[in-house]
Amino acid sequence: MIALLRYQTALLVRSHRWLPPVILYAAWLAIGVQSGGPILVGLGWAAGGLLPVAVWLTRVCVTNEPPAARNCTVAAAGPGRAHLAGVLAAVCTAVLLALLGTALVVLLSDPHSTGHQVAVPVLPAAAAGLLAALACLLTGTAIGALSNRPVLRSSGWSIPVGMLAALLLLVLGASPANAAVSGLVTGSPHGTITTPWLPLAATALFAAAATSVACALSSRRS
């Protein structure tokens, strides 16, 4: 699996298809993260932007190989393992973006509440922001796994379905990703840090289940 992950990562880097989602995330941060802004709001914004970015990265990684190369990978490692390596490459890339986004917010933001009255501990806030980012990127990974091949083979369906699902799970109150982000934002007026352990656990289970379904279907449909 390590060799497959290295192969998928190298394929992603050389294809330059990572550029559009990375540029999207950079633009998201440029719009919402302001120098001197409240740190919890900035961390929530940075975390939320990873959901659609992770959907996009997952699509790139599971569709990146040309058909001939894909057939060789499947023959050598099996369709399920080959598909899992693509999903894991997307997760690793999204985690790197989560680390960079969280670090940027910590460097630029003011460690106080929204009204600048209550001091916010930087390290606990950064940890909560990173966990929220992980919850969002795992949600995006799950959506990406279910909205692309082998679950949905047509790009005419997979792209709009993936983006619509990302939007809904980001704004709906019942979504764990929304709960992780809103916990940071709503705590900012009082300087309260809400660590999103429960949303992270729920999104981890969702991502694991969605990836398992996609890998199982990949084995059946190869």
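The pLDDT is the predictor's confidence in each residue, on a scale from 0 to 100. The structure described here is a predicted model, in which local features need a pLDDT of at least 70 and side-chain atom pairs count only at pLDDT 80 or more, whereas totals for chains, interfaces and linings use all residues. Residues are numbered from 1 along each chain as its sequence is written, and side-chain values use heavy atoms, with hydrogens and water left out.

Across the protein the pLDDT averages 92, and 99% of the residues score at least 70. Helices (DSSP runs of H or I, at least four residues) are numbered from the N terminus; on this numbering, confidence is lowest in helix 5 (residues 67-77), with a mean of 78, and highest in helix 3, with 97. Where pLDDT is low, the predicted coordinates should not be read in detail.

A search of the whole structure for aromatic pairs (rings of Phe, Tyr and Trp, the last represented by its six-membered ring, with centres within 6.5 Å) returned one such pair. The ring centres of Trp28 and Trp45 lie 4.3 Å apart and their planes meet at 20°, so the pair is classed as stacked, the category for planes under 30 degrees apart, as against edge-to-face for those over 60 and tilted for the rest. Distant parts of the chain are linked by this pair, since Trp28 belongs to helix 2 (residues 19-32) and Trp45 to helix 3 (residues 39-48), 17 residues apart. With relative accessible area computed using a 1.4 Å probe on protein chains only, and with buried meaning under 20%, exposed over 50% and partly exposed in between, Trp28 is partly exposed at 25% and Trp45 is partly exposed at 30%.

The search for disulfides (pairs of cysteine sulfur atoms within 2.5 Å) found zero in the whole structure. The closest cysteine sulfur to that of Cys92 is in Cys61, at 9.3 Å, which is too far for a bond; Cys92 itself is partly exposed, at 42% relative accessibility. For Cys136, the closest cysteine sulfur is that of Cys92, at 18 Å, again too far for a bond, and Cys136 is buried, at 0% relative accessibility.

Ser188 occupies the loop between helix 9 (176-187) and helix 10 (197-221) and is buried, with a relative accessible area of 1%. When neighbours within four places in sequence are left aside, Ser188 is in contact (heavy atoms within 4.5 Å) with Pro38, Leu40, Val41, Ser113 and Thr114. The C-alpha atoms of Ser188 and His112 are separated by 8.1 Å, although these residues are 76 residues apart along the chain.

Terms used. Helices (H or I, at least four residues) and strands (E, at least two) are DSSP runs, numbered from the N terminus.
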